[in-house]
Amino acid sequence: MLAGHDGQMWILDFLAPQSCVFCGLTNEGDERSICEGCYEDLPWNEPRLSPTPGIFVSSIAVVHYSFPVDAAIKAFKFSRKLYYAPAFAELLCSSAELLPSDIDAVLPVPLHWRREATRGFNQASEIAKPVADFLGLPVLHGVRRQKATPFQSGLAAKDRARNLRDAFATKRGMSQRHVLIIDDVVTTGATMRALAKVLMKNGVSKVSCLAVARAG
Ligand SMILES: [Zn+2]
């Protein structure tokens, strides 16, 4: 891509051609972002539904965080390859039948405003919006990340949990009964759990989580 100012590159990346995001194959008359061959070869998690003691009603990670998904998620987040968002949303929607039926709102994991400003977008929101549309559910706003937690990768589980203490805040008296938290990658689950605790402290009775990939 030719040098240009940041905004221009962002637009070009977003308008990349409608072909398979993994192999570049153009699928005539097929609107999916992943071709059949690549779809079959993805590192699917079996079972996608993981046992979740305690806090979550249901916890799903669709694929494993390995090739080609890991590279795609990094390009999406750190190089603004936003054309991956529909592909990741398609992966999440492929697990829709595993979700509990009483979910009444979708919550993308909030980014701290400073990181969102630097990145230009919240990757979880980009993935969650099409999923919420698909499920016919509203996207929950008003939950914010009030602490700019350092990057979690490389930290032990104990340190991740400490890092996330008081990381999220929301208004009191939330009316949602069952919120589905959506993120791109789940590693120890510490972020999802911290967020779930805040929701439940403020009136939400049940929380489930859905991630594109599970790392580790
Ligand atoms: Zn392909």
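This is a predicted model: local features need pLDDT of at least 70, side-chain atom pairs count only at pLDDT 80 or more; totals for chains, interfaces and linings use all residues.
Me: Why is E1 called an edge strand?
Reply: Pairing takes at least two DSSP bridges between two strands. E1 (56-64) has six bridges to E6 (residues 206-214), and the two run parallel, so they pass that test. Phe 56, for instance, stands opposite Val 207 in E6. The open sheet has four strands in the order E1-E6-E5-E2, with parallel pairing. E1 and E2 (105-108) each pair on one side only, which puts them at the edges. The twist averages 20 degrees from one strand to the next.

Me: What makes you say that helix H8 packs on the sheet, and which way does H8 point?
Reply: Contact means C-beta atoms, placed from the backbone, within 7 Å. H8 (residues 190-201) touches E1, E5 and E6, and its direction makes about 160 degrees with that of E5. Angles run from 0 to 180 degrees between N-to-C directions, with axes fitted to C-alpha atoms, for helices over the stretch in contact. H3 (residues 69-78) lies across E1, E5 (178-186) and E6, at about 105 degrees to E6.

Me: How do you know whether H6 has the expected span?
Reply: The expected span is 1.5 Å times one less than the number of residues. H6 (residues 123-135) has 13 residues, for which 18 Å is expected; its first and last C-alpha atoms are 19 Å apart, so the span is close to expectation. Just after H6, Gly 136 takes a positive phi of about 70 degrees.

Me: Why is Cys 35 called partly exposed?
Reply: Buried takes 20 or more other C-beta atoms within 10 Å of a residue's own, exposed means 12 or fewer, and partly exposed is in between. Cys 35 has 19, so it is partly exposed. Cys 35 sits in the loop between H1 (6-14) and H2 (36-41), and its C-alpha is 5.3 Å from that of Cys 20, 15 residues away in sequence.

Me: What about Thr 187: why does Thr 187 get its label?
Reply: Thr 187 has 19 C-beta neighbours inside 10 Å, so it counts as partly exposed too. Thr 187 lies in the loop between E5 and H8.

Me: What makes a nonpolar core, and which residues touch the most other members of the largest one?
Reply: A core is a set of buried Ala, Val, Leu, Ile, Met, Phe, Trp, Tyr and Cys residues joined through C-beta atoms within 7 Å. The largest has 54 residues, and Leu 92, Ile 127, Ile 181, Ile 182 and Val 212 touch the most other members. H4 gives the most, with seven residues. Ile 127 is one of the buried residues of H6, and its contacts include Leu 92, Ile 182 and Val 212.

Methods
Residues are numbered from 1 along each chain as its sequence is written. Two residues are in contact if their C-beta atoms, placed from the backbone, lie within 7 Å. Lists of a residue's contacts leave out its neighbours within four places in sequence.
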